[in-house]
Every structure is written in structure tokens, then in C-alpha cells.
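Take a moment with the sequence and the 3D view.

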Amino acid sequence: MVENQIVQPHENIVEIEHAVIDYPLRRYTIRAVTDVSLSLKRGAITALVGESGSGKTTLASSLLRCISEPGILSGGEVRFYPAEGAPVEVLKLSPREIDRFRWEKVSMVFQAAQSALNPVYTVRAQFEETVREHGMKWSRERIEQKMREVFDYVKLDYDRVARCYPHELSGGMKQRVMIAFSLLLDPELIILDEPTTALDVITQDYIFSILKRINREKGISMLLMTHDIGIVAKFADYVGVLYAGRLMEFGSVFDVFRERRHPYTKGLIRATPSLIGDLEALKPIGGSPPDLRNLPQGCVFSPRCPYCTDACREREPDTAVQGGRCIKCIHGFEEYE
Amino acid sequence: MNSLMTLEHINMRFQKGGFFSKDRSVHVLKDIDLTIGEGEILALVGESGCGKTTLGKIITGLYVPTEGQIALQGESGETIKRKKRPLSFLQVQFIQQDSYAALNPVRTIYQSLYAPIRMHNPKWSKKQIDTKIDELMTLIGLQPAAQFLSKYPHQLSGGQRQRILMARAISLDPKLIVADEPVSMIDVSLRLSLLNLMSELNERLGIAFVYITHDLSTARYIARRGRLAVMYLGEIMEEGAMDVVLSHPRHPYTRALLKAVPVPDPDARSDEKLPLKSMELSGIEDRGEGCPFAPRCPYMTEQCERPVDYVVTEGVRIKCRNLEEVERLNAARPEGTDE
């Protein structure tokens, strides 16, 4: 599915190399992302899973260079490969260039759709404002035509919704407006930050079927942040697992679920209740998520890891890479149990 | 199983508007009949806005229903006005979703646990209460207790705070705990251990649980030997033993709901559309006399606009007129073959 969409351009749409993101606070500095390298395949849906504080939102914000204050990218490179033209070094863009880069190349659907829309503007006014701010000389008719097109994708009735204020829409509708909004300037990549957390399962299923269609028909690449293993399994092509700001494992969804490698990924899948399968086989992960101010020595997962060895407690493991899959664990691709 | 609490014909209406608009009342719960057995786990599942939290608050006695009877062990809770509320309703406790908001931020954990015990056991000595608190901390698995008791809520993690809420709920030896989405704000890796703690309290202390959630997967986990009630727009659409309902969902809504739950296995993927006519949740305000699910139901007929009664099969009660037809259509097109 992924392969036949890619034709000529670079196979990756985004490459993040050795990203380090710090939040300097008054008394100490919190390192939210530590040396993460990640490539997003063009045309694919890549999911980043992680618990709260694992750095998934911070990492994704670095693509748009909008890490929330006082966070700074203290190291690394972020490269974007447009379908046409030269690669873009996102960190070297001038303020003007980054303003255009956002939404025209990469757009984002935020977690709380409820608060992402301006309450005193109608939906149409917000779309028009965005077009204007990006210096597009579109006529009203052209904007309406474009809005009808993107509303069609998210199955919203333009004539009804466009003149509504956000409070007149339900949660699921607002989220669909936000998805339509992200499509407005034909981006090549959409970042989805927990797009369905506040919604119920039926609406969630609906939103994901819409996103999948957009991905397939328009060939837009997607980066999805979530904490829900079920959504990853159902929706994504690739998955990266973040823990305490480190990329613990990365690979195609099928590989990662079929051949579970990293102890944390194993634990996470085994701790996820499901509607099918043996309930007795489920096991919680012991311990609690790490405190970023006070990380354990060696591998950050070692205090909770059932396969932990002395060496794990001494130094942080390197990332083992094999055919598009990488694992940050001392056991790497070897069998262990 | 002896019944612990019975709810009969519960109806709940909320007043809405009135300042600028005409007074309207919203019918949030309609004719709810429910029995909760001693020591059982009942999972109450539904979409947001279906009235599941309202029902939970009625069970706890935080809301007085507009119509209907509640009885706890035969004792009527009709006059659940604060003062007159029968003391036995202390035996029903409530656990909120947001553990941060549920604890007083300027009190230590010890103070938060101490207050309700002191309030309801005025004759106890401080030493007795301290022993009780120590026992509670052991039960909920926060050890060493002293280290947690002197802390303030913001110094604990979400999972630990949720455990403190459990300790507080069991401190008055309740018979029933209503837990409203207790794990939805908790990290995935910690959810399972909290659910396990609830099962343990259920088994060891015989406390019955009403587990309110929109997440069927965790409902199945905690209430595997219990019951499931599926709510839709203020009515219970299907209710019965968890394993029976999950292995053979009968109501068209339950069928759709089960299909919508993502399974954590990419090999189980399918692009099948949900068996629904419309994705829009119809408003609770413009509900007619008939089945509330009818506007979204692919099996709807004209009859559905008239009031529906429960049909009981295999110990499961279902509120649907067209069960036989739905069954026939689904048997003709078994799952997995309709791609």
C-alpha cells in the first residue's frame, strides 16, 4: 500500500537526526527528548506511542518549530523533503519562511479541538483568515470552492457548518473541522496529536476512517501521536515507541507487533486490555514512569524491566539497526527471555 | 446472588435554559431499571452524553432522580435529601475520574484520609484511626505508608493519587463503589495494575463495583465475571453477563460499538464500515417516544417510532423491536466474510 504511492521523490518526507530538546527551568533543566533519530516515510502513517511525559508532543512540535516555551532544540537536525525541490532544513528557516512552511508544507491537528478553534469566529472566517495570512490571493469563490472540497473529505455539510461558531458544533464535528482545516493549504504532512482522546469509540472509528481515506487518496503523510496501542495496530504503517524522551523501538507495525523485541514494547502490548484474547495473559508493567528530573542510571527502562542485567544498569544501550527497524536495548535483535 | 441495590423506573430531567430562552427540561435518563448484586462488578458503558455519569451519581445519592425508586438492601432512599439521607447510603462511595480535582490540594494525604474516618467514627481514638489508615495503605499497595501520607496531592503521580481515592472510598467499609472512568486519565502502563487493585478489593472485601466507562476493553477486563450494561441516550439498550453480551451482541447499537473498538493486533485489521446509518449522535433533546437509536440504526423500521420493551434471552435483556430480523440478516452474512 505504501510502496505503490511513492514514485520519484525522496523516500522519506522528514528526517530527524539526533534531536535533543531541553526545557531549562529556574533550578534545573529537563531533557524532554534525548538523541532521537527518526525518519518518516513519504505517504505512510507513522505513529509515535508513549505515555505522558515521554516526549511525543515535544518531538512532533519540533517539526513545526513550535516547541512550547521555554523548550529549545539544543541539538540535532530536522530535514524536510518536499515532493518537488530541494530539502528544507527546518531549523535554519527564517521567521518568514517558517510561517509559510507551517500549514503549507506541514499542518497539525491538535489534541483539544475544542479549544483549537477561536470561539468568536465562524468556521468560515477562520479558514479565510488562514488563507489571507499565508499571502494567498484567493477570491472568496475560490476559498469557498476549496472549503467545499475539504469539507467533503471529512463528510461535513458546508452550507450548514461553515457559518457556525465552534460552540454550535459537537466534539466530533469540531475535530472534523480541524482536520478539514489542516487540509486547507494542501500540506504534504499532517501531524495528528491525539486526535480522538476526548471522543467516544464510534466517533473515533469514523475520524480514523476519514484520515485513512485522506492518506490514501491524497497521499498525504501522517504523523500520529497516541497512547493507545489499539489505534496504532489498526491505523498506522510504522510505529515508534518513546519512553522518557528516547526512541526505544521503531519499525513497521506488523514487524513490531508480530516480533516483539523491546521489553517495554512487549510490556505495553501485554498490558493493553482488548475485546479478544485471553485476559489472564495480560500483565501490568511494574513500577511507575520515570521522573525526568531524576532518571535512573544506564537504560532508562531498567528499573521496570524484567530482563534487566547488570550491564543495563551501568550504561545506556546503543540503538541496534536492522533493515528499517531499530531497537534501543542491550539485547538488540538477539533472543532473550 | 443477593441484590444490594435496586433501581426502579429511574427518570431524570434537568432544567435547561430559562434566562433568555424558554424553559425546557432535558430528559437525561429514561425508565432505568437496574439491580446491583452484592459483591458483583457491573460495567456501565456508553458514549459521552449517554447519561452514565448521571446514573452513577443517582446510585451514589448525589442526585435525586425526578421519578423512580432506589432501595439499598431493601431500605428506600427516596428522601435522599442531605440531612435525611439514610445513613446506610454511606455504604455507597464514589470515585471520580480526575484524581487531582478530587483531593484537596492544600491538605496532605494523611489529612484527606483522616477527615472522613474522624467524621463518621467520632468515638475513635487517634491511634485507632492511624491503625486504620495504615491498613488502608497496605491494602492499596502504597508502601512505606509514612512516605506517602506526609505528601500533598501534587507530589504524587496520577496512579498513586487514584490509589489514594480508592483508600478513601474503602475507609468507611462501603458495600458498593461507583467508579467513574477511574483509569481514563492514567498512563497505559499503570491502568492494568489499578484495575487489578479494584478486582482485589472486590474479591477480598466483597465490595460491589459499578464501573462507568466508555472503554469496552477495560470494562471487559474488570467485569469479566460480572455484567455489562450498554447505555444509549439515557436508556439501557442491552444488559447481561459480560461474556454472553460480548460473544453474542444482539442490539444493533452494541454490535456497532463492539466493531468500533480497536484491537491491539494489526493482523486483526479490517476496513469494514460500522453497521450504522449515520455517524452523528442525535441530540438528547429531540428524542421521541420510540427507540433512541432508530435514527442511526441500519435495521430501522416504522415500528421503531413506538415505545419499545425489553426482550429477554439467555439472561440478557435487549431493548429492540427487530431482534429476529437483525439476527437473521447477520446470520446470513457472518462476520469476516463481508469484505
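A residue counts as buried under 20% relative accessible area, as exposed over 50%, and as partly exposed in between, using a 1.4 Å probe and protein chains only. Helices (H or I, at least four residues) and strands (E, at least two) are DSSP runs, numbered from the N terminus. The model is predicted: local features need pLDDT of at least 70, side-chain atom pairs count only at pLDDT 80 or more, and totals for chains, interfaces and linings use all residues. Residues are numbered from 1 along each chain as its sequence is written, chains are lettered from A and ligands numbered from 1 in the order in which they are written, and side-chain values use heavy atoms, with hydrogens and water left out.

Start with helix α1 of chain A, residues 56-63. Seven of its eight residues are buried, so the rest of the structure largely encloses this helix. Among the buried ones are A:K56, A:T58 and A:L59. After α1(A) comes A:R65, with a positive phi near 55 degrees.

Follow the chain onward. A:P70 sits in the loop between α1 and β4 (72-80) of chain A. The peptide bond joining A:E69 and A:P70 is cis, with omega about -5 degrees. Most residues other than glycine have a negative phi, and most peptide bonds are trans. Chain B has a cis bond to look at as well: it runs from B:Q143 to B:P144, and its omega is near -10 degrees. B:P144 lies in the loop between α4 (126-139) and α5 (145-149) of chain B.

Now find A:E128 in helix α4 of chain A, residues 123-133. Is A:E128 buried or exposed? Its relative accessible area is 14%, so A:E128 is buried. Leaving out residues up to four places away in sequence, A:E128 touches A:R140 and A:I143. Contact here means heavy atoms within 4.5 Å.

Helix α8 of chain A covers residues 201-218, which makes 18 residues. From first C-alpha to last it reaches 25 Å, close to the 26 Å expected at 1.5 Å a residue. That expected span is 1.5 Å times one less than the number of residues. Of the 18 residues of α8(A), 13 are buried, so the helix is mostly covered. A:G219 follows α8(A) and has a positive phi, near 65 degrees.

A:A244 has a positive phi near 50 degrees, though it is a residue other than glycine. It lies in the loop between β9 (238-243) and β10 (246-252) of chain A. At 4% relative accessibility, A:A244 counts as buried. B:H9 is not a glycine either, and its phi is positive at about 50 degrees. B:H9 belongs to strand β1 of chain B, residues 3-16. With a relative accessible area of 46%, B:H9 is partly exposed.

A compact globule of 337 residues would have a radius of gyration near 20 Å, and the 21 Å of chain A agrees. That radius is taken over C-alpha atoms, and the globule rule is 2.2 Å times the number of residues to the power 0.38. Of the 337 residues, 57% count as buried.
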